[in-house]
Amino acid sequence: MSYTNIINMLDLGGIPVKARERKENFPLIMAGGPCAFNPEPLADFIDFFVLGEGEEVILEILGLLKTSKAGHGDFNKNRFLQEAARIKGVYVPGFYEVSYHQDGTIKQVEPVLEGIPPVVFKRVVKDFDNAAFPTRTLVPHTETIHDRVMLEVLRGCSRGCRFCQAGVIYRPVRERDADKLLAQAEELVGSTGYEEIALTSLSTADYTCVEPLIKKLLDRYGEKGVGVSLPSLRVDAFSVNLARQVQEVRKSGLTFAPEAGTQRLRDVINKGVTEEDIKETTYAAFSQGWTSIKLYFMIGLPTETYEDLDGIVDLAQKILSIGRQAKPAHVKKPIKITVSASSFVPKAHTPFQWEGQEARESLREKQRYLKEKFRKLKNVKFHYHEVEVSFLEAAFARGNRRLGEVLEKAWMLGCKFDGWSEHFKYQLWLEAFASFGLDPEFFANRSFGTEETLPWDHLSSGVSKEWLAREYRLAREGTHTEDCRSAPCYGCGVCSQLDVKPQTKR
Ligand code: SF4
């Protein structure tokens with residue numbers, strides 16, 4: 001929902017919003033990050049996208065820019081972009097032509113220049129230990145989000161949750177050596193003065209040396225008033241133990257994401273978490289003094305039934321009673337549980353990329369059902385997201401290049417900051433789609449055929465489409481796929497495709 005803000009930023013900067021309207025005297029606009037793996041809705045506005053890990057490719061891009069500008073004054077944007085499109089990981093949408101079938105599906109996406117790759121592969125850091133890491137960062141005068149030292153302990157996640165885009169596009173898992181991290185912490189604390197060190201990754205408890213690392217950091221910085229935090233926790237007692245180590249005063253609550261209410265559905269989505277794990281984890285948390293726990297679920301997951309929704313309520317009820325049993329006698333605060341259920345948004349490059357999002361009315365009905373059930377449960381709060389926001393998110397997450405004009409129109413109609421609920425203007429979005437005869441349901445709710453050319457098929461994370469299709473089939477069978485760091489490689493393709501050494505646990 002932030003896409004119109006990109007257009008808005010360009011406009012406020014006095015920069016023509018369309019890439020083809022920007023001549024040599026305007027800045028080059030590049031973009032990266034997870035959305036660059038299906039950037040087609042933004043193709044009209046961005047000069048080039050970078051797929052994958054920036055530190056691996058940025059010097060090549062800047063080197064090319066330097067030589068392109070060396071002639072002082074004769075910088076030719078088109079020539080620069082033609083050369084940039086030959087750098088691995090760089091996607092210049094203007095050099096790819098999309099053709100469509102009569103029914104609006106994509107016929108093909110083809111490069112229009114010779115020497116431009118038909119498929120752009122992401123860039124990946126192979127030597128993660130020695131990759132550049134900024135240790136003298138700018139420290140703002142105001143308190144901002146992420147106002148702390150960030151130590152990236154590992155990159156990637158091999159657990160293979162089938163809805164998760166990050167789990168695919170950041171593959172394979174690479175860990176950073178603990179001594180390297182300690183040296184980085186020393187420099188970062190010294191140069192920034194921050195009072196908190198966050199151990200970041202997609203799943204920090206999966207870092208092999210997490211316990212000794214935390215201990216060393218606390219020993220070294222505890223007395224200086226510098227704490228350690230873990231932004232993401234797995235649903236297991238080990239994670240609670242880690243949280244206890246880093247959080248002496250238990251002021252904040254703990255958050256866990258079982259994602260689905262029944263074992264059957266957790267197997268479908270490959271969330272390798274059992275009810276026993278959830279019970280053990282929450283028991284450990286309550287017995288160590290936490291009184292407030294947040295649980296994240298999704299509704300509208302593939303194959304979901306009302307039994308799975310009852311499973312969410314049932315689980316919350318069980319956790320509440322575990323809390324009452326496990327709470328130490330000296331803790332007076334009542335046990336509180338917050339259940340948050342977002343609507344499933346299928347994402348590009350995941351095994352569920354083919355699956356259409358559930359219809360809005362059906363999702364609303366599910367929300368009403370859960371709301372009614374939770375209304376009767378004291379000390380359980382239930383939150384859910386607006387269905388219309390998730391619907392538009394799905395349309396743009398699975399959208400093609402035709403949505404560029406919709407974005408521009410929506411922005412012209414006044415859609416800005418729509419990620420903030422008070423600014424969300426659903427009717428204007430629908431108006432923008434209608435003005436080009438496009439139906440958002442075509443992108444959001446339609447299940448794509450496995451033979452269909454997807455809007456992002458010419459962009460690759462290194463993970464093969466065949467493997468994603470196999471995982472989609474296994475999901476429907478409810479068959480679990482093991483984590484490849486503790487089981488043999490199941491051939492997702494990324495390690496051989498990008499020539500990266502698979503890393504087992506250290
Ligand atoms: S190629 Fe094999 S080892 Fe590498 S990430 Fe995929 S499944 Fe894991």
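**Questions about a predicted model**

Me: Let's start with Glu-196: what is its relative accessible area?
Reply: Glu-196 is partly exposed in this model. Its place is in strand 10 (residues 196-200); helices (H or I, at least four residues) and strands (E, at least two) are DSSP runs, numbered from the N terminus. Buried means under 20% relative accessible area, exposed over 50%, and partly exposed in between (1.4 Å probe, protein chains only). Glu-196 belongs to that middle class because its value is 28%.

Me: Before we go on, what kind of model is this?
Reply: Residues are numbered from 1 along each chain as its sequence is written, and side-chain values use heavy atoms, with hydrogens and water left out. Local features need pLDDT of at least 70 and side-chain atom pairs count only at pLDDT 80 or more, while totals for chains, interfaces and linings use all residues, as this is a predicted model.

Me: Which residue's side chain is joined to that of Glu-196 by a polar contact of 2.6 Å?
Reply: Leaving out residues up to four places away in sequence, Glu-196 touches Arg-148, Val-149, Val-226, Gly-227 and Ser-229, where contact means heavy atoms within 4.5 Å. A polar contact is a pair of N or O atoms within 3.5 Å; within protein, one must be able to donate a hydrogen and the other to accept it, and residues adjacent in sequence count only if both atoms are side-chain atoms. The side-chain partner of Glu-196 at 2.6 Å is Ser-229.

Me: How far apart are the C-alpha atoms of Glu-196 and Val-228?
Reply: Along the chain, these two residues are 32 residues apart.

Me: Is Ser-158 buried or exposed, and with what relative accessible area?
Reply: Ser-158 lies in the loop between strand 8 (154-155) and helix 4 (166-169). Beyond its neighbours within four places in sequence, its contacts are Arg-171, Val-173, Asp-483, Cys-484, Arg-485 and Tyr-490. One of these, Asp-483, is joined to Ser-158 by a polar contact of 2.6 Å between side chains. Ser-158 counts as buried, because its relative accessible area is 6%.

Me: Which residue's backbone oxygen does the side chain of Asn-445 reach at 2.8 Å?
Reply: Asn-445 sits in the loop between helix 15 (440-444) and strand 16 (459-460), and it counts as buried because its relative accessibility is 19%. Its side chain reaches the backbone oxygen of Glu-358 at 3.5 Å. At 2.8 Å, it reaches the backbone oxygen of Gln-357.

Me: What is the average twist of the open sheet in the order 12-13-14-15?
Reply: This sheet has four strands with parallel pairing; two strands pair if DSSP finds at least two bridges between them. Its edge strands, strand 12 (254-259) and strand 15 (380-384), each pair on one side only. From one strand to the next, the twist averages 20 degrees.

Me: Which residue of strand 14 stands opposite Ser-292?
Reply: Strand 13 (residues 292-299) and strand 14 (residues 336-343) run parallel, joined by eight bridges. In strand 14, the residue opposite Ser-292 is Lys-336.

Me: What angle does helix 2 make with strand 2?
Reply: The sheet in the order 1-2-3 is open, with mixed pairing. Strand 1 (30-31) and strand 3 (90-91) have a single partner strand each, so one side of each is left without a neighbour in the sheet. Helix 2 (residues 54-69) packs on this sheet, touching strand 1, strand 2 and strand 3. With axes fitted to C-alpha atoms (for helices over the stretch in contact) and angles from 0 to 180 degrees between N-to-C directions, the angle is about 145 degrees.
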